[in-house]
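Here is a short walk through one protein chain. Keep the sequence and the 3D view side by side as you read.

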Amino acid sequence: MTERKEVTAHCLTYENVYEDYPFHDQNWCVMRHKENGKVFAWIFNKDGNVWVNVKCSPEWRDFWRDAFESVKPAYHLNKTHWNSIILDGTVPDRDICRMIGESYDLTGGKRSREGKEQGR
């Protein structure tokens, strides 16, 4: 997963979510929960790559940062609770999906049974 359309499409597979451009800047896309409006993924281009900011629990935050050089403290967000994933091809898709799924869960959404079974 290295393209914006791939990560956006994956995020849209979650239940009751929508794509939003709150800054009137096409570079910044956020994926939100319909029921509470909270953002679970910030998608943007930076330094020639697509980046995705995801919320993470403190016990997983450092694990992901240590496991992959392309997972950094979040760009423009609280670095205690958010990580940035640089979609440069070095982080396996399954791990990107897992981090997005955790962010979805932490921001208030309930995963559908289908999403849980498929690792989303």
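Helices (H or I, at least four residues) and strands (E, at least two) are DSSP runs, numbered from the N terminus. By that rule, the protein chain has four helices and six strands. Their order from the N terminus is α-β-β-β-β-α-β-β-α-α. The model is predicted: local features need pLDDT of at least 70, side-chain atom pairs count only at pLDDT 80 or more, and totals for chains, interfaces and linings use all residues. Residues are numbered from 1 along each chain as its sequence is written, and side-chain values use heavy atoms, with hydrogens and water left out.

Start with the overall form. The C-alpha atoms of the protein chain fill a box of roughly 35 × 30 × 25 Å, taken along the principal axes. The radius of gyration is taken over C-alpha atoms, and the globule rule is 2.2 Å times the number of residues to the power 0.38. For 120 residues, a compact globule would have a radius of gyration near 14 Å; the protein chain has 13 Å, which agrees.

Contact means heavy atoms within 4.5 Å. Take the contacts in the protein chain between residues at least 6 apart in sequence: 47% of them join residues at least 24 apart.

Now look inside. Buried means under 20% relative accessible area, exposed means over 50%, and partly exposed lies in between (1.4 Å probe, protein chains only). Buried residues make up 47% of the 120 residues in the protein chain. In soluble globular proteins, nonpolar side chains tend to be buried together.

A nonpolar core is a set of buried Ala, Val, Leu, Ile, Met, Phe, Trp, Tyr and Cys residues joined through side-chain atoms within 4.5 Å. Which residues touch the most other members of the largest nonpolar core? They are Phe40, Ile43, Ile85 and Ile100, out of 24 residues in this core. At least two residues of this core come from each of α1 (4-11), β2 (29-33), β3 (39-46), β4 (49-55), β6 (82-87) and α3 (93-106). The most comes from α3, with five residues.

Next, the surface. Accessible areas come from the Shrake-Rupley method with a 1.4 Å probe; for residues, only the protein chains shown count as cover. The protein chain exposes about 6,400 Å², and carbon and sulfur atoms supply 47% of it.

Ala9 is found in helix α1. Ala9 counts as partly exposed because its relative accessibility is 43%. Its C-alpha atom is separated by 9.8 Å from that of Glu19, ten residues apart along the chain.

Move on to the loop between β1 (17-20) and β2, where Gln26 lies. Gln26 has a relative accessible area of 59%, so it is exposed. Leaving aside neighbours within four places in sequence, Gln26 is in contact with Arg4 and Tyr21. His24 also has its place in the loop between β1 and β2. His24 is exposed, with a relative accessible area of 78%. Its phi is positive, about 55°, although His24 is not a glycine.

Last, go to the loop between β3 and β4, the place of Asp47. Is Asp47 buried or exposed? Asp47 counts as exposed, at 62% relative accessibility. Asp47 is not a glycine, yet it has a positive phi of about 55°.
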